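Subject: Structure handover

Hello,

Here is the structure you are taking over. Please open it first, then read the notes below it.

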Amino acid sequence: MEDILKIKNVTKKYQAKNGELEAIKNATFSVKKGEFISIIGPSGCGKSTLLSIIAGLEEKTSGYVEIEGEEINGITDKIGYMLQKDSLLEWRTIYNNVLFGLEIMGNKNEESKAYVDLLLKKYHLYEFKDKLPSQLSGGMRQRVALIRTLAVKPKILLLDEAFSALDYQTRLMVTKDVYKILKSEKMTMIMVTHDISEAISMSDRVIVLSKRPTEVKKIYDINFKMEDRDPLNCRKNSKFSEYFDCLWKELDVHG
């Protein structure tokens, strides 16, 4: 499987009062098409900063980001981004919320609206299309936010602590729903999370970052050898605790 994304020697430095602060140092990794990658690391190590650089929302000091062989500098329609909050517009219906990204990009037309209808029907939200966000549960709102992102047909989806605002039970169910949707759409995903269990249960590989200045410390392959992989079933698998122990030690949270 070919690499869709390459991160090479990405470095980020900030100017501080007492001199230059290096936040990220020579971060290097690649992502294959259709892969689900999670990024974990100590609190404050720069996980979200790295994701923002990939998204083009923040400038890197040096290094490069390449998507499908093309170097990317700045925001690109090849990348979709989901944040902690669903950011749905409360005064717009679910249908009009899903269309919002297409409107911003100037791509709202009959073809794109037909695709939105297809996504809403496929993922059981079409009957709620005329409702307002306040009439939906937290889990359903997150699915709407996901479909809004998918509607613009990005090549890569970035998830920044996308489920952390949900309560634990809802979070488990939403990760299951989101995982199935993303795998069904054959999306390439990079997720930043502080939740080791979430990373293990959803990912093909987990990238562990070091303390600042952040470097890629280690990359773990996650393989449960399950025909019908499901995040909830992965948590019950005998290999789950082995992966958890390894990643916990790598984080070196007491070091």
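Start with K186, which is exposed, at a relative accessible area of 66%. Buried means under 20% relative accessible area, exposed over 50%, and partly exposed in between, with a 1.4 Å probe and protein chains only. K186 sits in the loop between α5 and β8. Although K186 is not a glycine, its phi is positive, at about 55 degrees.

The model is a predicted one, in which local features need pLDDT of at least 70 and side-chain atom pairs count only at pLDDT 80 or more, while totals for chains, interfaces and linings use all residues. Residues are numbered from 1 along each chain as its sequence is written, and side-chain values use heavy atoms, with hydrogens and water left out.

Element names work as follows: helices (H or I, at least four residues) and strands (E, at least two) are DSSP runs, numbered from the N terminus.

Strands of a sheet pair through backbone hydrogen bonds, either parallel or antiparallel. Here, two strands count as paired if DSSP finds at least two bridges between them.

Contact means heavy atoms within 4.5 Å.

N26 is partly exposed, with a relative accessible area of 40%.

The six-stranded sheet

Another open sheet has six strands in the order β6-β7-β8-β3-β9-β10, with mixed pairing. Its edge strands, β6 and β10 (216–221), have a single partner strand each, so one side of each is left without a neighbour in the sheet. From one strand to the next, the twist averages 20 degrees.

β6 and β7 run parallel and are joined by four bridges; the bridge partner of M82 is L159 in β7. Helix α4 lies across β6 and β7, at about 165 degrees to β6.

β9 (residues 205–209) and β10 run antiparallel, with five bridges, and V206 stands opposite Y220 in β10. A hairpin of six residues joins β9 to β10. K211 is in that loop between β9 and β10 and is partly exposed, with a relative accessible area of 43%. K211 and E250 are 39 residues apart in sequence, but 11 Å apart in space, C-alpha to C-alpha. P213 is also in the loop between β9 and β10, and a cis peptide bond with omega about -5 degrees joins R212 and P213. Most residues other than glycine have a negative phi, and most peptide bonds are trans.

The cores

A nonpolar core is a set of buried Ala, Val, Leu, Ile, Met, Phe, Trp, Tyr and Cys residues joined through side-chain atoms within 4.5 Å. Which members of the largest core touch the most other members? They are F36, V116, L146, L157, L159, F163 and L182, out of 37 residues. Two or more residues come from each of α2 (94–105), α3 (110–122), α4 (138–150), β7 (156–160), α5 (168–184) and β8 (188–192). The largest share, six residues, comes from α4.

Leaving aside neighbours within four places in sequence, the contacts of F36 include L159, Y179, L182 and M191. A second, separate core has 27 residues, among them I24, I67, L158 and V192.

The largest pocket

A pocket is found on a 1 Å grid over the protein atoms alone: it is an open set of points where a 1.4 Å probe fits, with protein on both sides within 12 Å along at least five of seven lines, and its lining residues have an atom within 4 Å of a point. The lining of the largest pocket has 21 residues, and I79, G80, Y81, G101 and T149 lie nearest its centre. β6 (79–82), α2 and α4 each supply at least two residues of that lining.

Regards

Notes
Axes fitted to C-alpha atoms, helices over the stretch in contact; angles between N-to-C directions.
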